[in-house]
Amino acid sequence: MGFDFSFRSLGDERELAELESFLRSQSLDYPNYQDWVTRTKEELLDSYKTVILAFSGRTLVGDLIFQPHKLFTRVREIKNLRINPKLRGRYFGAFMLKQGEALERSSYDAIIGDIRSNQIEAINTFRSFGYEELVRAPLYEKGIDEVIMVKRFERTPNGFFIPIKRIFTLN
C-alpha cells in the first residue's frame, strides 16, 4: 500500500457500511461477534459508541471503537481496536489510542479495555502508553483469558490531566 493515510470520525452511511464489513471480516473467533457488530452499528448511529477510523486512500484499514462504561461513571471503555494485518507495525493502533484518550477528555477519569491474552503485541502497546493490567479473566469463553487493562488520569491544579498509577478496583 502507498502512503496516503488519514484518520477521522465516522462521516456518512457509506463509511458505516464499510466499517461494518471491516469488523465482520475480523472476528478473532469471539463468540456472538456478528451480533455484537450489529448492535455496535446501531449504537454508533445512536451516538452511544464513538469511532475513530483509519483510511489508506479511500479504503478503511483500522478502527477504534469506545463507549462510556456501563457500570462505572467517568470511565471510558475501549470496545474494539482493529488494524488491517497488512498495515500492522505502523503505529496506527497507537495513534488512534492516543486520539481516543484525547477526545472529550474532561468527561472521564480512566480508560479500560480487554485484550485476548495471546495478543502480546497489543498488550505491549497498551503497556507502553501507561495502561496497567488489572486482571486476567475468561470474559467471553471458558479457557481463554482476556487481559483487562486500565489507565487512570488525574487533573492537576492547572487543569491538565496526567496519567497516574493507582490501584483500580472494581468494588
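I started with the largest nonpolar core, which has 20 residues; Ile78, Phe126, Tyr131 and Met149 touch the most other members. A nonpolar core here is a set of buried Ala, Val, Leu, Ile, Met, Phe, Trp, Tyr and Cys residues joined through side-chain atoms within 4.5 Å. Buried means under 20% relative accessible area, exposed over 50%, and partly exposed in between (1.4 Å probe, protein chains only). I listed the elements that give two or more residues to this core: strand 2 (50-56), strand 3, strand 4 (75-83), helix 3 (92-102), strand 5 (110-116), helix 4 (120-128) and strand 7 (144-155). Apart from this core lies another, of 14 residues, among them Tyr33, Leu44, Leu60 and Ile65. In soluble globular proteins, nonpolar side chains tend to be buried together.

I noted the ground rules. This is a predicted model, where local features need pLDDT of at least 70 and side-chain atom pairs count only at pLDDT 80 or more, while totals for chains, interfaces and linings use all residues. Residues are numbered from 1 along each chain as its sequence is written, and side-chain values use heavy atoms, with hydrogens and water left out.

**Phe126.** I looked up its partners beyond four places in sequence: Ile78, Leu81, Leu97, Ile115, Tyr131 and Met149. Contact means heavy atoms within 4.5 Å.

**Whole chain.** I counted 4 helices and 8 strands in the protein chain. Helices (H or I, at least four residues) and strands (E, at least two) are DSSP runs, numbered from the N terminus. The pattern along the sequence reads β-α-α-β-β-β-α-β-α-β-β-β. Of the 171 residues, 40% are buried. Among contacts with a separation of 6 or more, 56% join residues 24 or more positions apart.

**Helix 1 and helix 2.** I checked how residues 13-24 and 33-45 pack: the angle is about 160 degrees and the axes are 10 Å apart. Helix 1 is therefore roughly antiparallel to helix 2. Axes are lines fitted to C-alpha atoms, for helices over the stretch in contact, and angles run from 0 to 180 degrees between N-to-C directions. Angles over 145 degrees count as roughly antiparallel. From helix 1, Leu16, Leu19, Glu20, Leu23 and Arg24 meet Tyr33, Gln34, Trp36, Val37, Thr38, Lys41, Leu44 and Leu45 of helix 2.

**Arg82.** Is Arg82 buried or exposed? Arg82 counts as buried, at 8% relative accessibility. Arg82 sits in strand 4. Arg82 and Ser27 are 55 residues apart in sequence, with C-alpha atoms 9.8 Å apart.

**Thr59.** I placed Thr59 in strand 3 (residues 59-68). Thr59 is partly exposed, at 42% relative accessibility. Leaving out residues up to four places away, Thr59 touches Glu18 and Ala54. The C-alpha atoms of Thr59 and Glu18 are 8.5 Å apart, across 41 residues of chain.

**Positive phi.** Most residues other than glycine have a negative phi. I found Asn32 with a positive phi of about 60 degrees, though not a glycine. Asn32 lies in the loop between helix 1 and helix 2 and is exposed, at 57% relative accessible area. Ser47, also not a glycine, has a positive phi of about 65 degrees. Ser47 lies in the loop between helix 2 and strand 2. Ser47 counts as exposed, at 58% relative accessibility.

Definitions and conventions
Parallel < 35°, antiparallel > 145°, perpendicular 65-115°, else oblique.
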